[in-house]
Structure formats: C-alpha cells, structure tokens
Amino acid sequence: MGRRALAGLLLVGLAAAARADVPVESLGRVETLPLPPGPHWAWVGDPVFRHATLVDLSDGRTLGIVNAGFGMPTVLTPAARPEFYVVETHYSRGSRGERSDVLTIYGGRSLAAEAEVVLPPKRAHAANTAGMLALSDDDRFVAVFNLTPATSLSIVDVEARRFSAEIETPGCSLAYAAGPRRFVSLCMNGALMLVEVDDEGREARKTRSEPFFDPQLDPVTEKAARWEDRWLFASFESWIHPVDLSGAAPRFEERWSLVNDAERVDDWRIGGMQHLAVHEPTGRLYALMHRGGPDTHKQGGTEVWIYDLASRERLQRIELHGLGFSYLGVPLRAEGFTGWLIDKLADWTLGMAPDIAVDAIAVTQDAAPRLVTVGAVSGAVASYDALTGEFLGRAYVGNATNVTLSTPFARTGGWR
Amino acid sequence: MARMDRWMTGFARSLARRTSRRSVLAGIGTALVGGAAVPLLPVARGRAEPAPGDRVTPSGEPDPTTPAGDPQDCGYWRYCAVDGFLSSCCGGSHNACPPGTQMSPITWLGTCRNPADGKEYVISYNDCCGKDVCGSCICRRHEGDKPVYYTPKSNDIDWCMGTREIIYNSTVAVVVGVAREKG
C-alpha cells in the first residue's frame, strides 16, 4: 500500500471517530450534594417562590432548593449530622383550610425531605427573620418561637426526630442558642430570659436577667451575630451590646459604638433585615450601614463596615455594589457595552431609594471568606472577598426576591 | 470612569435623601407581613376602645370638609407607621379589607398627626388575612416601630392572629379616636 493510500485510510478512520454517536445515557439520574460541603455555600430564601436556594459562591452555581411553605424561608444546619432543618407552615388548601406547622428534616446529600416533626400550629410569622428559630450548641434541640400573641418556644428533638415540649416565655420573645442545652430570649423590659432544657427537651430551668438596654430609648434589634460565646446585639442608634453567655449568668459587657461622632451627625447608622455578621477565625465584625434618620432601622445598606472585635477598631469601609437586576428570577444581563451599562446602573441606583439597598449580609467561615449580600429587589446574590472587600461578582439563583440569607456552616466549617 | 461612578453615586444618594419613599417602586416580598406601631395596649383589639386615661374617643374622620388625602398613597397621614401593602390598593379601602379577606381582630395602635387639623389620631392598623400577599402599594413607614420582642409595637409581626388563617394580604388604617398626646 502506498503512502498516499495509508494517509487516506487514516483520514477515514479519524472522520469515523469524529462521527461516533453520543453514548446512550441512563434515565432517572438525580444529583446529590458533595461531601464534604463547599466552604462558600449560602442559603438564600424567597418568600414569593416559598423556597430557599442553596448556592455555591465559589462558582455561582445553584445546588438545589428546599421548599418552605408560607413565611420567611430559613434553613438551620447542624454540625453533627449531614442534615438541614426547615420550619414550615402549610394550609390544606394552599392559603386556607387546616394549618399545619412542621419541622422538616432534609438530607444533607439528598436534599430530600427525610422526616418531619409536627409542631403546635402557633409559630410566629414576621418580616423579621432573626431569632425566629435556633439550634442548640449540641445540635440536639431546635427552639421555634411561637406567638399567638402569647409567647413560647416549641422544642424539637432533631436527633430523635420528635416534638419535645412547649415552654412558655411570658414577656420574652425569639430564641438564640447559648450553650449545649440553653436558649436565650429577648424580653420587653430589655432583659434576657435563659431557658435550659433537659435530656428530654423539657424545661429544666428558666431565669431572667437584669435589663441590659432601654427598649424605650434605644432598643437593640433582633438581628444579632454570634461571636464564640458572645451574642452581639446592635441598637437602633448603632451601639453594640456584647453579651457573654459562657457562664451560668449572662455578663453584659460595655457597649461600643459603630459610628464616631462625625458619622453620627452625618446620620450613618446600622439597618436592614440582617445587618451583622462575624468571621470567627479573624474576629471581624461586619455591619451593614446606611445614611438615614430615626426610624430607618429597617432600611437596607449601601456600605459594609468591618471592625476588629478585639480592639473594637474599624478596619475598613466597603462601598457596596448594586444587587443586579432580575425579573421573577430571570437575570437582566447583556453582553458588551449594554451589559456594562446595566451593571453600572445597578451600582448607581443602590441607595437611591430606601428599598433599593442591600437588606442582608452574611460571611463564610473559611480562611478565604466571602462576604455575601442580598436585597429584596433582586434575585441575585453578590459576593466579595471578606478580607479585602474586593467585589467578586453576582450569582443569579432564579429567585424573584432574596429576603433571607445564611451561610450554613457559620460556626462549624462543615459536617464533622 | 471612576470619577463618573462617584459622581453618579453621589447624585443618586443625594437624590435618595430628598426623594419620598412613596414615589419609589419597592420590592415585593420585603414586607410579607403588615403593620404599624405606637400602641396603647400590649394587645390592642381592633374594635375595642382606646386605653383609659390619656385618650378620648370619638372616632371618624376629623371633619367632613377636610380634604381626605389619597388613601392609595403611602404618604397619607394615617399610614405613619405601616409596614405592609395598603388595602386601598388591593380591593379594599383605607379602613376596609379587600373582598374575601378577614380583618385581624388582634392588632396594635399607632398615633399619627393629621396635617389638615393638626391633631393626633389613634390609628388601628389591622391586617387583612386569608388570601396571599397583595403586592400593590407596599408602604414602609416605621415611625415608632420596635423590634419583635417589643411585641405590641412591632410592625414586623404578621398580626393575622385570631383569623382563620395567618396568611397576610394587606393592612388597613382605621381612625379609632383622638389622641391627647403623641403616644
């Protein structure tokens, strides 16, 4: 065979290989989430679509959703087990009929509803999302805040997957984890109620502290952040009230201000739906700030200010980028100059009106942490380098509105 | 371009400070629950009388000849502490819920100044319940609002308690009396 003929045969062979059919694939495959989980995962909740979306901020990919029923979708993540917990309210006919409140246990890999615990149908609903439910530090019990308007906590044993007890908290609301078997609630007089539960999740001890702030003069918001054994509460007037809960009784540390005198005169203050976040490995506090007068405590922010918690010194101010535009989950994006212009419009319009602002922030807990921002006016999630403040881009997760935000491994770094 | 960015941002923010929020298209979903502030009682009843002592009745509009204002406008005087969707944009009116909804019997009261006569009025903000969120005329004014643990003054709370369903649709603002002093 001549050299020419050989080359011809080779070409035919290559062409045949190039035309090989796509292999037949199997039907019915469903993805599972990876273990270990990613360090930059975040849950973003949409009360309009009634679900929360899990997004990986490392690449902007949507990983999956959990349904949440009526209300603000909030997801709890234990460190001990690969699971997620969602408290849901449903009616038998959608928006009417028989009410059922449940805590649903989702598989951490399957993201499928594996079990549910029926709750008394009295959980509180509010536009506020902070402190509405809490997971004890030993990952055993979840406390759900009830309001009828009598106040109480429903305690769920998430290890045994059963309802434990209802504990009355007269005059006190919400729940924050404070120890292996302890929750704290905020009271109308500016005090704390400490609720300890026994091995069965029943009330073991209930104590009230002295008031540590004046709810008439300058109330603290519900949107506190955990820093090891402390909870940091921010007041309407931007004072941080650290509460050390390492001992049997809370220790109220001296308050400190997020703003200096000039900034106070200039009307800088904290605001938004979730306005504090802590990066525990570096001891940094992130606060969502805006300019506005009294009664703007729920107005979203245009900047994030970063503090060193040990020295209480401010390290940096980050001017936030716009949230990005979307319509019912569809991103409004374009290539080239138009895309650039849309991006810039998002930046320019941030803070232009009280409702066009960043409503919630969160920070991941890894060594290269991300600062995450969302707002109700957009279905996009923006992320920044939490150490330098550099803007890293936006992920469009398909939501109509992003109202709740949490980084699932805020204190644990992933499932053990 | 960076300079233009700064200029535009500065312009936008200064405009924002001068722009009333009612002129702004707000995000749906922010305020799934309705509300308003400055109450008289830990749990005020919508049709109940105001607290004894510093308040007097009678209820109703201040004066039939007074211009009523625009009840579909968030700036309308009696909405001073609302956080929610205005019933008047949702098939109801400023003091009646949309058809087919139920008015929450449990609510809280606010105190708003009527610029037409300069008087402070006690306003009962009742949520309209049992149908999904209206979505029209979001109105977020938080005068006197307090956090959830200060329950009777928190406009974040879904007050659809005591109705068949806790599903929130919109909010009304009913005059229930004249306040002698700002509550």
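Let me begin in chain B, where a disulfide, meaning a pair of cysteine sulfur atoms within 2.5 Å, joins Cys90(B) to Cys134(B) with an S to S distance of 2.0 Å. The link is left-handed, with -90 degrees about the S-S bond, and it connects distant parts of the chain, since Cys90(B) lies in the loop between β3 (83-85) and β4 (102-103) while Cys134(B) lies in the loop between β6 (119-129) and β7 (138-140), 44 residues apart.

Before going on, please keep in mind that this is a predicted model, in which local features need pLDDT of at least 70 and side-chain atom pairs count only at pLDDT 80 or more, whereas totals for chains, interfaces and linings use all residues. Residues are numbered from 1 along each chain as its sequence is written, chains are lettered from A and ligands numbered from 1 in the order in which they are written, and side-chain values use heavy atoms, with hydrogens and water left out.

As for burial (buried is under 20% relative accessible area, exposed over 50%, partly exposed in between, with a 1.4 Å probe and protein chains only), Cys90(B) is buried at 17%, whereas Cys134(B) is partly exposed at 25%.

Another disulfide of chain B is formed by Cys129(B) and Cys160(B), with sulfur atoms 2.1 Å apart; its torsion is about -85 degrees, so this link is left-handed. Cys129(B) is buried with a relative accessible area of 0%, and Cys160(B) is buried with 2%.

Turning to chain A, Cys172(A) is joined to Cys187(A) by a disulfide with an S to S distance of 2.0 Å, and here the torsion is about 95 degrees, so the disulfide is right-handed. Cys172(A) belongs to strand β12 (residues 172-177) and Cys187(A) to strand β13 (residues 182-187), where strands are DSSP runs of E with at least two residues, helices are runs of H or I with at least four, and both are numbered from the N terminus. Both cysteines, Cys172(A) and Cys187(A), are buried. Over all chains, a search of the whole structure finds 7 disulfides.

Chain A also holds an open sheet of 4 strands in the order β28-β29-β30-β31, with antiparallel pairing, two strands being paired if DSSP finds at least two bridges between them. Its edge strands are β28 (360-363) and β31 (391-396), each of which pairs on one side only. Strand β30 (residues 380-385) is joined to β31 of chain A by 5 bridges, and Tyr384(A) stands opposite Phe391(A) in β31.
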